[in-house]
Amino acid sequence: MSRAALARLFLAALVVRAAFLLVEPRSLPMGDEGMWRQMARELVSAEVGFSPFRTQLLSHPPLYPYFLAAMIRLLDSFQHVKWAQILLDALLVPAVALVAARLSGPRVGFLAAAMAALYPELVWHSTHFWSEVLLLPLVWWGFERLLAADARGRLGSVVVAGLLFGLAILTRETLLYFAPLFAVWLAWRRPLRLRLGAAFLLACALVIAPWTFRNYVMFDALVPVANRGNIRVLLGNSDRPWDEILREYSGFGPVEGPRRALAEGLREARSHPLPWYPRKAFREMAAYWGVNNLSVIHLENEAYGPLPPWTSRLAAACTIVPYLALVALAALGAAGTRLDRARVLLLGFALVYTLMHIAVFGFPRFRLPVLPVVFLLAAEAWIRLREGPPLGRRRTLAAVAFALAAAAVLVPSLADTWRHPVFRAATTSP
């Protein structure tokens, strides 16, 4: 793909995000947004002064709060930081273009990147304080360098990929489990490229090790990045109220509490009767891949203030309708895609990432790192519908199966979302 095309895609992503930032009504911070902002304020305070040894940060990965703190020091206000975020978020688009073009050609690359540039859910996230705004460019530029290293066998590319994924791990600790899988993928059936896998792991380790050392010095515990995930294992596998669990384990301290929570969570996961597991899997899939997203959750919690139901419905439809169209195209694309080394890497990442969140708990924000895979499949399907030969019988049946599976998740989640009071017109008694 030409540099001019990449520049146009990047500029389009910037313009759309900047326009949304200018017109979006002011909203209250919801969920972790307030937590990330508080962490950043702590890091820039005189008591901490950016020192990793003066903050008690352990439950969450450090890179996003440090990014926010640096931007606050440079730009003075969180409103100004949003301009830095839209610039960072737009960097995802050329990465998606290059990855998709490498797999399926420049037309698919351009279309997949255009989806990433214009997709409403990603545009909305760029102006809010969630770590995905930093995570997604790191992950997908990491994939771009990883695929380049595999194609050319260049050590420099794989080192850059390792450094990028190391930074991504410091943004979302879940990715730590993928580092050895990516190294195995580099060396699989290519014994002369064992050095590439080793170099990738070494580069990741060089980025992560200083924070791991800091955790050991500060807390006398081996915590590679963060330990919030231990609590999430219990939250996702227990039938107890989440508030009750969080209150109980917060009393044990930042190290012992998550350690005990992980042990109980694993016991809970093994203790349920057999019918519980398919119900949990469906529940988590509906939460992870359903129509809900954080912009809709903001509407449901009236973060923009009380709005007329028709306004809330229209705002929610702006993200839900494109998502439904995207999933429909991706189901067709998944049925027609061919498996090669690159697709095994990306589709395997999407599958394992999904399964990990089903095993713990699903939430719409957690699917964002794998959305570019969905863009790729949808772009392939669109090109095939316009130009390619029709699917054979087997692939047509596979497309129908994928579509039915998607509908089984999407239809109930759409009904649940639309039943929320903010989307329903008020009724008055006679």
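Some ground rules come before the tour. Residues are numbered from 1 along each chain as its sequence is written, and side-chain values use heavy atoms, with hydrogens and water left out. Because the model is predicted, local features need pLDDT of at least 70 and side-chain atom pairs count only at pLDDT 80 or more, while totals for chains, interfaces and linings use all residues.

## The core

Let's start inside. The largest nonpolar core has 119 residues, and F143, L146 and F200 touch the most other members. A nonpolar core here is a set of buried Ala, Val, Leu, Ile, Met, Phe, Trp, Tyr and Cys residues joined through side-chain atoms within 4.5 Å. "Buried" means under 20% relative accessible area, "exposed" means over 50%, and "partly exposed" is in between (1.4 Å probe, protein chains only).

Helix α8 (residues 132-152) gives the most to this core, with 11 residues. Helices (H or I, at least four residues) and strands (E, at least two) are DSSP runs, numbered from the N terminus. Leaving aside residues up to four places away in sequence, F143 touches V99, F165, F182, L345, L346 and F349; a contact means heavy atoms within 4.5 Å. There is also a second, separate core of 5 residues, with L58, F219, A221 and V223 among them.

L135 is found in helix α8 too. At 0% relative accessibility, L135 counts as buried. Its touching partners, again not counting residues up to four places away in sequence, are A168, T171, R172, L175 and P369. L135 and A168 are 33 residues apart in sequence, yet their C-alpha atoms are 5.7 Å apart in space.

Helix α10 (residues 179-187) has a buried set of its own: A179, F182, A183, W185, L186 and A187. The cover over these residues includes α8, α9 (155-169), α11 (194-219) and α18. Following α10 comes R189, with a positive phi near 55°.

## Salt bridges

Side chains of opposite charge can pair when their charged atoms come close. A salt bridge is counted when a side-chain nitrogen of Lys or Arg is within 4 Å of a carboxyl oxygen of Asp or Glu. The whole structure holds 18 salt bridges, including these:

| Pair | Distance, N to O |
|---|---|
| D32 and R365 | 3.6 Å |
| R367 and E121 | 3.5 Å |
| D150 and R341 | 2.7 Å |

What do these pairs join? D150 lies in helix α8 and R341 in helix α18, so this pair ties together parts that are 191 residues apart in sequence. D150 counts as buried, at 8% relative accessibility.

The side chains of R367 and E121 also meet in a salt bridge. R367 lies in the loop between α18 and α19 and E121 in helix α7 (residues 120-125), so the pair ties together parts that are 246 residues apart in sequence. Both R367 and E121 are buried.

Then there is the bridge between D32 and R365. D32 sits in helix α2 (residues 32-44) and R365 in the loop between α18 (341-359) and α19 (371-387), 333 residues apart. D32 is partly exposed, with a relative accessible area of 22%, whereas R365 is buried at 5%. Salt bridges link D32, E132, R172 and R365 in a network.

## Pockets

Rolling a probe the size of a water molecule over the atoms shows where empty space is left. On a 1 Å grid over the protein atoms alone, a pocket is an open set of points where a 1.4 Å probe fits, with protein on both sides within 12 Å along at least five of seven lines; lining residues have an atom within 4 Å of a point. Grid points are joined across faces, edges and corners, and the volume is the space filled by probe spheres set on the points.

The largest pocket holds about 810 Å³ of space. Its lining has 25 residues, with W289, A334, V374, L377 and F402 nearest the centre. At least two lining residues come from each of α15 (276-289), α17 (309-336), α18, α19 and α20 (393-418). By class, the lining has 22 nonpolar, 2 polar and 1 charged residues. Ala, Val, Leu, Ile, Met, Phe, Trp, Tyr, Cys and Pro count as nonpolar, Asp, Glu, Lys and Arg as charged, and the others, Gly among them, as polar.

The second largest pocket holds about 560 Å³. It too is lined by 25 residues, and E173, Y177, A226, G229 and N230 are the closest to its centre. This lining divides into 16 nonpolar, 5 polar and 4 charged residues. Helix α12 supplies the largest share, 4 residues.
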